[in-house]
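Subject: Structure for your review

Dear colleague,

Please find below the structure that I am handing over to you.

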Amino acid sequence: MQVTDPSDEELLNLAANAAKNSYSPYSGIRVGAALVGENGEVILGTNVENSSYGLSICAERVAVFTAVTKGIRKFKKIAISLSDGSGIMPCGACRQVLREFGRDILVITRDKTGKTTTFYLDDLLPHSFTLKGE
Ligand SMILES: [Zn+2]
């Protein structure tokens, strides 16, 4: 099923569902991401760990790299969720990878009470590194 321009709540549910496919035998932290391209297409990602820990990759970066592979380079928003539906914030590496493609991307997750929370990427990674001068 192709979902386009979902609500924030639908996007969090898609991320939680993607997290169920996580390969995370080392951390046990099952993360999913649902990224919305400028065309409204939703691209999913989940974290994939490796016994050589440094080779592991976060759900957010899987989604971004998959989107780029599909030719999508501008993003509206990304939802991040654990497999049980609770929230988690993107790590610094994922914030920087997202920043490569824009500073006004909305990052959607849930707070400790389960309430949906949104941030602009620029607020999560102020004074960010970029070679584009944007
Ligand atoms: Zn990350």
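The notes below describe what was found, beginning with the basis of the values.

This is a predicted model, in which local features need pLDDT of at least 70 and side-chain atom pairs count only at pLDDT 80 or more, while totals for chains, interfaces and linings use all residues. Residues are numbered from 1 along each chain as its sequence is written, and side-chain values use heavy atoms, with hydrogens and water left out.

Domain record

An unreviewed UniProt entry places the feature "domain: CMP/dCMP-type deaminase" at residues 6–132; UniProt positions are given in the numbering used here, feature names are shortened, and annotations may be inferred rather than shown by experiment. Over residues 6–132, 28% of the chain is helix and 24% is strand, and the end C-alpha atoms are 30 Å apart. Helices (H or I, at least four residues) and strands (E, at least two) are DSSP runs, numbered from the N terminus.

Zinc site and the annotated residue

The zinc ion has Cys58 (SG), Cys91 (SG) and Cys94 (SG) as its protein donors, lying 2.3 Å from it. Donors are N, O and S atoms within 2.8 Å of the metal (3.2 Å for Na, K and Ca); water is not among the atoms, so sites may look incomplete. Along the chain, the donors follow the spacing C-x32-C-x2-C. Cys91 is partly exposed, at a relative accessible area of 31%, whereas Cys94 is buried, at 1%. Here, buried means under 20% relative accessible area, exposed means over 50%, and partly exposed lies in between (1.4 Å probe, protein chains only).

The unreviewed UniProt entry also places the feature "active site" at Glu60. Glu60 is found in helix 2 (residues 59–69) and counts as buried, with 4% relative accessibility. Setting aside residues up to four places away in sequence, Glu60 touches Ala33, Ile78, Ile80, Met89, Pro90, Cys91 and Cys94, where contact means heavy atoms within 4.5 Å.

Helix 3

Cys94 also belongs to helix 3 (residues 92–99), in which Cys94, Arg95, Val97, Leu98 and Arg99 are buried. The cover over these buried residues includes strand 1, helix 2, strand 3 (75–82) and helix 4 (121–124).

Salt bridges

A search of the whole structure finds five salt bridges, each defined as a side-chain nitrogen of Lys or Arg within 4 Å of a carboxyl oxygen of Asp or Glu. Three of them are described here.

- Lys76 pairs with Asp5, and their closest N and O atoms are 2.8 Å apart. Lys76 lies in strand 3 and Asp5 in the segment before helix 1, so the pair ties together parts that are 71 residues apart in sequence. Lys76 is partly exposed at 34% relative accessibility, and Asp5 is partly exposed at 47%.
- Arg110 pairs with Glu9, with the closest N and O atoms 2.4 Å apart. This pair links distant parts of the chain, Arg110 being in strand 4 (residues 106–110) and Glu9 in helix 1, 101 residues apart. Arg110 is buried at 13%, while Glu9 is partly exposed at 38%.
- Lys70 pairs with Glu41, the closest N and O atoms being 2.6 Å apart. The pair links distant parts of the chain, with Lys70 in the loop between helix 2 and strand 3 and Glu41 in the loop between strand 1 and strand 2, 29 residues apart. Lys70 is partly exposed at 49% relative accessibility, whereas Glu41 is buried at 14%.

Surface features

Glu38 is placed in the loop between strand 1 and strand 2 (42–46) and is exposed, at 53% relative accessibility. Apart from neighbours within four places in sequence, Glu38 is in contact with Ile72, Lys74, Phe75 and Lys76.

Tyr23, Tyr26, Val48 and Tyr53 form a nonpolar patch on the surface, with about 440 Å² of accessible area together. Patches are made of residues with over 30% relative accessible area and no salt bridge; like charges are joined within 9 Å, and nonpolar side chains (Val, Leu, Ile, Met, Phe, Trp, Tyr) within 5 Å. Accessible areas come from the Shrake-Rupley method with a 1.4 Å probe, and for residues only the protein chains shown count as cover. Tyr23 lies in the loop between helix 1 (8–19) and strand 1 (31–37) and is partly exposed, at 45% relative accessibility.

Yours sincerely
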